[in-house]
Amino acid sequence: MNLIDYPKWPSLARESILNVPMDLRSIRLSIDGKVIDYGAEIDSVVITGMGGSGVVGDLLSDLCWFWDCRVPIIVSKNMRLPRRLSRPLVIAISYSGNTAETIMSANEALSRGYPVVGITTGGKLSTVLSGKGVPVVLIPKASAPRYGLPALLYPALIILERFGIASVTNELESGIAGIENALRHVDDAVNLAKQLVGSIPVVWVTESRRGVGIRFKNDLNENAKYYSVVSVVPEGAHNDIAAVTTKQVGLRHVAIMGPNDYEGLYEEVLIDVISSFGAKPIIVKLEGKTPLETEMYGVTYLGITTLALAELLGVEPVSTEPIDRLKNLLSERRVFPV
Ligand code: PA5
């Protein structure tokens, strides 16, 4: 089976962090009369980006569930930043560097006087930010944004470390071990894909694995051209679960279980309840000794599952024509001023 860039993920992760500037904290810029001091205290991290780039924010939120992150991570997938931020660090991530929403958010951050770090392969984001002296981490290319995930995530991890938000260096190699472990489970991923053929997957995750669930949904959408639903518990146990009595046909429940007590216990109860209503959930157990290892195992294993599903369905996985068409129309009709 064609794994596209997945076998390269360990090297993408390792190479991508080499370009993170060492001296981030000593940068001081003056933009439109506003001084931006990268050494000043921050009280939140905003991760702005869309799709395969924006999911980095969701994954970092998952990780901060387990790590002792010093400030909250705010995920922003929009053309505007959240209002009423106080002293945020903004990490603007766009694989292509040409996603209008991300460029607008980065510009807005600078106009509000916030320190910004870009992560991209180039494009307008790189030109706009570098032109103002804003640090940009240039990352290696992949076949499409989502296949470059480690190159987008690993620099963000190093940036968190440099800003004293979380200690990540001891875990970086374990994340790569998680990728390698998933690459040894391709046959299991193919079996999982076979069980999803002809269904609408209903993906159950705990809050602490929201990013893994969202990434799985996005990969189902983009690689297999498949709709799916992500139900995040505890909240989903107070609404989505009521629909288990539905007469809608073709739903396939997939419960993603992390190795931690809370996640395992909550999902066990959930599985008991939905099974008692006749659902037959597929259980996917995430493996890993560290939070990053588990997360990387999950996104790699489930991503490969979606490639296997695409192959079973005879679908071309890389191209995402509707997304391209939307981006082109937004630009043609000048919906965004970038
Ligand atoms: O994975 C994909 O191809 C998409 O989800 C893109 O990531 C999304 O359209 C945003 O583009 P970019 O990552 O180049 O900013």
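Modeller: Serine 94 has a polar side-chain atom 2.6 Å from an oxygen atom of the ligand. This is a polar contact, a pair of N or O atoms within 3.5 Å; within protein, one atom must be able to donate a hydrogen and the other to accept it, and residues adjacent in sequence count only if both atoms are side-chain atoms. The model is a predicted one, in which local features need pLDDT of at least 70 and side-chain atom pairs count only at pLDDT 80 or more, while totals for chains, interfaces and linings use all residues. Residues are numbered from 1 along each chain as its sequence is written, and side-chain values use heavy atoms, with hydrogens and water left out.

In serine 53, a side-chain N or O atom is 2.5 Å from an oxygen atom of the ligand. For threonine 99, the distance from a side-chain N or O atom to a ligand oxygen is 2.5 Å. The protein buries 95% of the 380 Å² that the ligand exposes when taken alone; accessible areas come from the Shrake-Rupley method with a 1.4 Å probe, and for residues only the protein chains shown count as cover. There are 13 residues around the ligand, and those that come nearest are Ser53, Ser94, Ser96, Thr99 and Glu222. A residue is near a molecule or strand if one of its heavy atoms lies within 4 Å of it.

Next, the charged pairs. Side chains of opposite charge can pair when their charged atoms come close. Over the whole structure, 13 salt bridges are found, a salt bridge being a side-chain nitrogen of Lys or Arg within 4 Å of a carboxyl oxygen of Asp or Glu. One of them joins aspartate 219 to arginine 215, at 3.2 Å from N to O. These two residues are about one helical turn apart, because they lie four residues from each other in helix H8 (residues 210-223); helices (H or I, at least four residues) and strands (E, at least two) are DSSP runs, numbered from the N terminus. Aspartate 219 is buried, since its relative accessibility is 1%, and arginine 215 is buried at 2%. Buried means under 20% relative accessible area, exposed over 50%, and partly exposed in between (1.4 Å probe, protein chains only).

Arginine 210 pairs with glutamate 207, at 2.9 Å from N to O. Here arginine 210 is partly exposed at 32% relative accessible area, and glutamate 207 is partly exposed at 26%. Another salt bridge is that of arginine 112 with glutamate 108, whose closest N and O atoms are 2.7 Å apart. Glutamate 108 is buried, with 12% relative accessible area, whereas arginine 112 is partly exposed with 25%. Both residues also belong to a network of salt bridges that links Arg80, Glu108 and Arg112.

The cysteines come next. A disulfide is a covalent bond between the sulfur atoms of two cysteines. The rule applied here is a pair of cysteine sulfur atoms within 2.5 Å, and it gives a count of one disulfide. That link connects cysteine 64 with cysteine 69, the sulfur atoms being 2.0 Å apart. The link is left-handed, with -80° about the S-S bond. Both cysteine 64 and cysteine 69 are buried.

Some backbone features remain. Valine 233 and proline 234 are joined by a cis peptide bond with omega of about 10°. Proline 234 lies in the loop between strand E9 (229-233) and strand E10 (251-257). Isoleucine 4, not a glycine, has a positive phi of about 50°. It sits in the segment before helix H1 (9-16) and is buried, at 17% relative accessible area. Arginine 334 is also a residue other than glycine with a positive phi, near 50°. Arginine 334 follows helix H11 (321-332), in the segment after it, and counts as exposed because its relative accessibility is 72%.

Last, the surface. Val197, Leu312 and Leu313 make up a nonpolar patch there, with about 220 Å² of accessible area together. Patches are made of residues with over 30% relative accessible area and no salt bridge; like charges are joined within 9 Å, and nonpolar side chains (Val, Leu, Ile, Met, Phe, Trp, Tyr) within 5 Å. Valine 197 belongs to the loop between helix H7 (186-196) and strand E8 (200-206), and it counts as partly exposed at 42% relative accessibility.
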